[in-house]
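Q: I would like to learn how to read a few local features of a model. Could we go through them one at a time?

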Amino acid sequence: MAEMGSKGVTAGKIASNVQKKLTRAQEKVLQKLGKADETKDEQFEQCVQNFNKQLTEGTRLQKDLRTYLASVKAMHEASKKLNECLQEVYEPDWPGRDEANKIAENNDLLWMDYHQKLVDQALLTMDTYLGQFPDIKSRIAKRGRKLVDYDSARHHYESLQTAKKKDEAKIAKAEEELIKAQKVFEEMNVDLQEELPSLWNSRVGFYVNTFQSIAGLEENFHKEMSKLNQNLNDVLVGLEKQHGSNTFTVKAQPRKKSKLFSRLRRKKNSDNAPAKGNKSPSPPDGSPAATPEIRVNHEPEPAGGATPGATPGATLPKSPSQSSLPAVVVETFPATVNGTVEGGSGAGRLDLPPGFMFKVQAQHDYTATDTDELQLKAGDVVLVIPFQNPEEQDEGWLMGVKESDWNQHKELEKCRGVFPENFTERVP
């Protein structure tokens, strides 16, 4: 009997729920068709919009936080592998091996601690924050169903009252159902009207606390990691001092056999060779004919600077040290970038070499291995100029003159040379 009673109650409840769904469906259809009015609450609808926005933002924050944690874990693994590699290559007889191993161990512990604190102070708090949304979302949906029930009961009661043939018993029952539906709806509505604005306002404090926790943890992590890195650097400096003779050096990119100065030497010999039948001896050193004259193909000097009778073009000052050298004519052309002359403003200035493009500073010492190369010391500033013939430029090499040499001599032939680009860095 008990089972039958239980089954009867269950069947009755199912039938009641089915009837409610049909009634609600009919009510919604009538409302959409405009044949039945719908109870509106714009303030509550705004609260629901805020709730949905807050849920979307929180869900995204949770997702991004999980991605961040996954990245921290990946960095931890990468750092661990790198330290394991250091431990493997660090030979037993090298100084500081024990210190390096201890640093690697502390590095691993620091990453683990950072990840765990992020989980405890950020991710779990995030999960707790989002944990309240499913229940509220379910209650909002239920409140919507109860509103439809209330509207349906109201419309049924109103239709019975306006009927030509009134049935007082049906009207009384309809009124009772209306009062009951209204009470259920209003109880849920009042609770949500108070809870939703409070939840919406709480988001500011939650976001502040979450990001402050993350920022604080990250700051402390990097401070501790910086100390470990400094300790490791000190250990490696000690290793370098003991094995300083085997320090790794930066190497220049291999060059082809120098073509620039070999061409100039051929031209020099050709210009200096006497004509057939000319038995006259070469002019003595110091004579005007023996003084090298360097002509540069660029804008002429300001008025008053040209020498009467000289070949048009700027004539650079002559160096006494070149009195024994033959004349070498050098034509330079400003570099062009995207069709415009770069450094063109310096082409006619006395303080910069013709065709000057930009400056670089030597980051390492470089010992010249050929007569056409510049000898560099770390810190030297070089004024970069274009190659006369682009085909003469080897990959990874630049043409230039050291700024100190140019300021002293102002002579390209005396000072210019090629140098490896990877030994330098460009400077303003």
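Q: Is Cys47 buried or exposed?
A: The model is a predicted one. Residues under 20% relative accessible area are called buried. Cys47 is at 12% relative accessibility, so Cys47 counts as buried. Cys415 is at 6% relative accessibility and therefore counts as buried.

Q: How many disulfides does the count come to?
A: A disulfide is a covalent bond between the sulfur atoms of two cysteines. The rule asks for a pair of cysteine sulfur atoms within 2.5 Å. By this rule the count is zero.

Q: What is the phi of Lys410?
A: Most residues other than glycine have a negative phi. Lys410 is not a glycine, yet its phi is positive, about 55°. Lys410 sits in the loop between helix 7 (403-409) and helix 8 (412-415). With a relative accessible area of 22%, Lys410 is partly exposed.

Q: Which residues gather in a patch of negative charge on the surface?
A: A residue can join such a patch with over 30% relative accessible area and no salt bridge. Here the patch consists of Glu186, Glu187, Asp191 and Glu194. Glu194 belongs to helix 5 (residues 168-242). Its relative accessible area is 58%, so Glu194 is exposed.

Q: Where is Lys180 found, and is Lys180 buried or exposed?
A: Exposed means over 50% relative accessible area. Lys180 is in helix 5, and at 62% relative accessibility Lys180 counts as exposed. Lys180 and Asp149 are 31 residues apart along the chain, with their C-alpha atoms separated by 10.0 Å.

Methods:
Residues are numbered from 1 along each chain as its sequence is written. This is a predicted model: local features need pLDDT of at least 70, side-chain atom pairs count only at pLDDT 80 or more; totals for chains, interfaces and linings use all residues. Side-chain values use heavy atoms; hydrogens and water are left out. Patches are made of residues with over 30% relative accessible area and no salt bridge: like charges are joined within 9 Å, nonpolar side chains (Val, Leu, Ile, Met, Phe, Trp, Tyr) within 5 Å. Accessible areas come from the Shrake-Rupley method with a 1.4 Å probe; for residues, only the protein chains shown count as cover. A salt bridge is a side-chain nitrogen of Lys or Arg within 4 Å of a carboxyl oxygen of Asp or Glu. Lys and Arg count as positive and Asp and Glu as negative; His and the chain ends are not counted. The place of a charge is taken as NZ of Lys, CZ of Arg, CG of Asp or CD of Glu. Helices (H or I, at least four residues) and strands (E, at least two) are DSSP runs, numbered from the N terminus. Buried means under 20% relative accessible area, exposed over 50%, partly exposed in between (1.4 Å probe, protein chains only).
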